[in-house]
Amino acid sequence: GANPENLPPNVPDWSRYLGEGVDARPYGVPSEYEAHVVRRNVAWLTASTESSVNFTPLHEIDGILTPNGLCFERHHSGIAEIDPADHRLMINGLVDKPLIFTMEDIMRFPRTNKVYFLECAANTGMEWRGAQLNGCQFTHGMVHCVMYTGVPLRLILEEAGLKTNAKWIMPEGGDAAGMNRSVPLEKALDDCLVAFKMNGEALRPEQGYPLRLVVPGWEGNMWVKWLRRIEVGDQPWHTREETSKYTDLMEDGRSRRFTWYMDCKSVITNPSPQAPLLHKGHNILTGLAWSGRGTVERVDVTLDGGKNWRTARIDGLSLDKAVHRFYFEFDWNGEPLLLQSRAVDSTGYVQPTKDELRAVRGTNSIYHNNGIQTWHVQQNGEVENVEIS
Ligand code: MTE
Ligand code: CO
């Protein structure tokens, strides 16, 4: 609660004394009163923190850009600590001349700035068999959206010269996992970036410093961090991450493979279990929507579990393969609510219900769950993760 000494008509503490000088915070950090705004781990999800994930606090942020220090982290072998002077990017395989680049070399290519979301294919994966985690941070927090500065991968591949039979690339990370994936050459030449800055500053170590691959609209696993090598080949490598992992096991025992696109999805971030309703009357509902296939054209919201849908207001920039911010202002009379959002992307694709998704994909997979999320607002304003059919 508030300290009455600081409230009118008194002069508050901070108006009586000089504040800290300009040398106190050479690289700024948030106010101490924002200490609760942090990435969080779900301890029982993984056996160790080195091969694990933490989640973006979606209910605490606004706009479309994720602050660098709040971008969720997913590591297979912890955070590689790389001295950029010792870092190299090697291009080998079906190229005319194999090359090894220093960071300085990379910085001499023409660069571009693009805002893209990154979503882990396992985002919302714990919800396939029913409502489980209580908070949008945990159900939907494996997504972030930042502005990358980087070199189009096409320019780097062209420098090495592609052989005519080149069809695939295999980016590989410099972490202990040496994480790698097969990416079709068509995508590599289209819009992939070799990025070194996020939101204007150097990549954070957690996000792949000094170099990461950006694979717009496609599952986060392909965005190789600590990028050290790209092999060019004529067929996919069938690595661990595209066979045993990141395939979708269907009811009949077959697997969907190479399911790269992150389909259109949305979530209401406020209210949500970590952000209850605090008062009756006027309230602001807000959330995020995104599509790996383009922009988000429309977001509809319902307060009554789908009986009535109203179009939300998308505010701010609408950028290709970036998150979109939506708002819906409403009056709350204290009755229980069932909140949902449903996004439609620029291809006309409509975000499915969880039941629609399960009818096609079953419940064996932990990947690519883009179903409509339901929040139950109780009379006391508390919010819980539920499902309705
Ligand atoms: N790259 C390397 N080298 N090692 C990794 O563990 N994790 C992948 C991908 N790139 C990973 C990696 C996964 S599964 C995801 S979802 C994204 O990085 C997460 O990126 P972030 O940590 O910047 O959020
Ligand atoms: Co992932």
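Entry one, cysteines. I started from C71 and looked for its closest cysteine sulfur, which sits in C145 at 8.9 Å, too far for a bond. A disulfide needs the two sulfurs within 2.5 Å, and I found zero disulfides in the structure. I keep in mind that this is a predicted model.

Entry two, cysteine burial. I looked up C71 and got 0% relative accessibility, so C71 counts as buried. C120 comes out at 3%, so C120 is buried too.

How many salt bridges does a search of the whole structure find? My note says 25.

I picked out D62 and R325, whose closest N and O atoms are 3.4 Å apart. D62 lies in the loop between β2 (52-55) and β3 (74-75), while R325 belongs to strand β21 (residues 324-332), so this pair ties together parts that are 263 residues apart in sequence. Are the two partners buried or exposed? D62 is partly exposed at 46% relative accessibility, whereas R325 is buried, with a relative accessible area of 1%.

D191 and K187 form a salt bridge, with 3.1 Å between the closest N and O atoms. I noted both D191 and K187 as buried.

E201 counts as buried at 15% relative accessibility, and R204 is partly exposed at 26%. I also jotted down a network: E172, R228, R229 and E231 are joined by salt bridges that share partners.

Terms used: Residues numbered from 1 in each chain as written. Chains lettered and ligands numbered in written order. Predicted model: local features only at pLDDT ≥ 70, side-chain atom pairs only at ≥ 80, totals over all residues. Heavy atoms only, no water. Buried < 20%, exposed > 50% of the residue type's maximum accessible area, 1.4 Å probe, protein only. Salt bridge = Lys/Arg side-chain N within 4 Å of Asp/Glu carboxyl O. Helix = DSSP H or I, 4+ residues; strand = E, 2+ residues; numbered from the N terminus.
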